[in-house]
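This report walks through a predicted protein model, from the packing of its helices to its strands and nonpolar cores. Please keep the sequence and the 3D view open while reading.

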Amino acid sequence: MAKYDKADIERRMKGAVESLKSDLGGLRTGRANTSLLDPVVCEVYGAMMPLSQVATVSAPEARMLTVQVWDKSNVSAVEKGIAKANLGLNPMTDGQTVRLPMPDLTQERRKDLAKLAGQYAEQAKIAIRNVRRDGMEALKEDEKKKEISEDERKRSEDEVQKLTDTYVAEADQAAQAKEKEILTQ
C-alpha cells in the first residue's frame, strides 16, 4: 500500500499554521485579550486545572481583564496561577473577581515580543518543512516499491512543494501581522 497521503500532509501543515496562530494569540499587545490567559493553570481541588475550568475571563475594557472565579475558595489559587504564568500582570482581588489591568508596553518589551513572534513563526516553518520531508521520503519509498511511476513521484513532489510554499507564506503572513500589531499599539 502506498505510504504517500496528500490529505495527511496537508492536514499536518495546516496544523502547524493553526498552532502558530494560537501561540501568537497568546502574545500580549497593548490591548486586553482573553486568550492571553489561556496558558494559565491553577491548583484547585488537588489538581492542576486550566483557568477556563474554574473561572470566566472577560475583557470589559480595552486595558482590563476580569476573572470571575466560580468558587470563592479558589480565588487565591487563581491569583497564584496568574502570577506563576509570568505574564507581567498584577492581579487585584475584589471579592470573587480578580481584576488584571494591562500595563503599557515599553518599546524594548515590544521589540522582544516581536522577536518572539518571529521565533514562533520559524518553529512553525520548521514543522512544515519536516512534513514536506516526510512526504518526499514516502514518495521515494512508494517509487522504490514500484507502487508509483517516476513521473507520478515528480508530479506529487511538485504538489508537496506547492503546499509547503503556501503554508510557509501563511505562517510568515500571520507572524508579520502580529509583529505589526505589537509594534504599533
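The axes of α1 and α4 come within 10 Å of each other and cross at roughly 5°, which makes α1 roughly parallel to α4. On the α1 side the contact involves, among others, Ile9, Met13, Val17, Leu20 and Leu24, and on the α4 side residues including Val160, Leu163, Tyr167, Ala171 and Ala174. Axes here are lines fitted to C-alpha atoms, for helices over the stretch in contact, with angles running from 0 to 180 degrees between N-to-C directions; angles under 35 degrees count as roughly parallel, over 145 as roughly antiparallel, 65 to 115 as roughly perpendicular and the rest as oblique. Contact means heavy atoms within 4.5 Å, while helices (H or I, at least four residues) and strands (E, at least two) are DSSP runs numbered from the N terminus.

Residues are numbered from 1 along each chain as its sequence is written, and side-chain values use heavy atoms, with hydrogens and water left out. Because this is a predicted model, local features need a pLDDT of at least 70 and side-chain atom pairs count only at pLDDT 80 or more, whereas totals for chains, interfaces and linings use all residues.

The pLDDT is the predictor's confidence in each residue, from 0 to 100. The protein chain averages 85, and 96% of the residues score at least 70.

**Helices**

Helix α1 (residues 6–25) also packs against helix α3 (residues 107–144), their axes coming within 9 Å and crossing at roughly 170°, which makes α1 roughly antiparallel to α3. Residues including Ile9, Ala16, Leu20 and Leu24 in α1 meet residues of α3, among them Tyr120, Ala124, Ile128 and Val131.

Two residues illustrate opposite surroundings. Arg153 lies in helix α4 and is buried, with a relative accessible area of 12%; leaving aside its neighbours within four places in sequence, Arg153 is in contact with Leu139, Lys140, Glu143 and Ile148. Ser22, found in helix α1, is exposed, with a relative accessible area of 52%. Buried means under 20% relative accessible area, exposed over 50%, and partly exposed in between, using a 1.4 Å probe and protein chains only. The C-alpha atoms of Ser22 and Ser35, which are 13 residues apart along the chain, are separated by 8.7 Å.

**Strands**

An open sheet of four strands has the order β3-β4-β6-β5, with antiparallel pairing. Its edge strands, each pairing on one side only, are β3 (55–61) and β5 (92–94), and neighbouring strands of this sheet are turned by 25° against each other on average, direction ignored.

| Strand pair | Bridges |
|---|---|
| β1 and β2 | four |
| β3 and β4 | five |
| β4 and β6 | five |
| β5 and β6 | three |

A hairpin joins β3 to β4 through two residues. The hairpin of β1 and β2 likewise has two residues between the strands, and Tyr45 there takes a positive phi near 55°.

Five of the six residues of β4 are buried, so β4 is largely enclosed by the rest of the structure. Helix α2 lies across β4 (64–69), β5 and β6, running at about 20° to β6.

**Nonpolar cores**

A nonpolar core is a set of buried Ala, Val, Leu, Ile, Met, Phe, Trp, Tyr and Cys residues joined through side-chain atoms within 4.5 Å. The largest one has 21 residues, and those with the most contacts inside it are Leu37, Leu51, Val67, Val78, Val98 and Leu100. The elements that give two or more residues to this core are β1 (41–44), β4, α2 and β6, with α2 giving the most, four residues. Leaving aside its neighbours within four places in sequence, Val78 is in contact with Cys42, Leu51, Val54, Val67, Val69 and Val98. A second, separate core of 15 residues includes Ile9, Met136, Ala138 and Ile148.

Notes
Two strands pair if DSSP finds at least two bridges between them.
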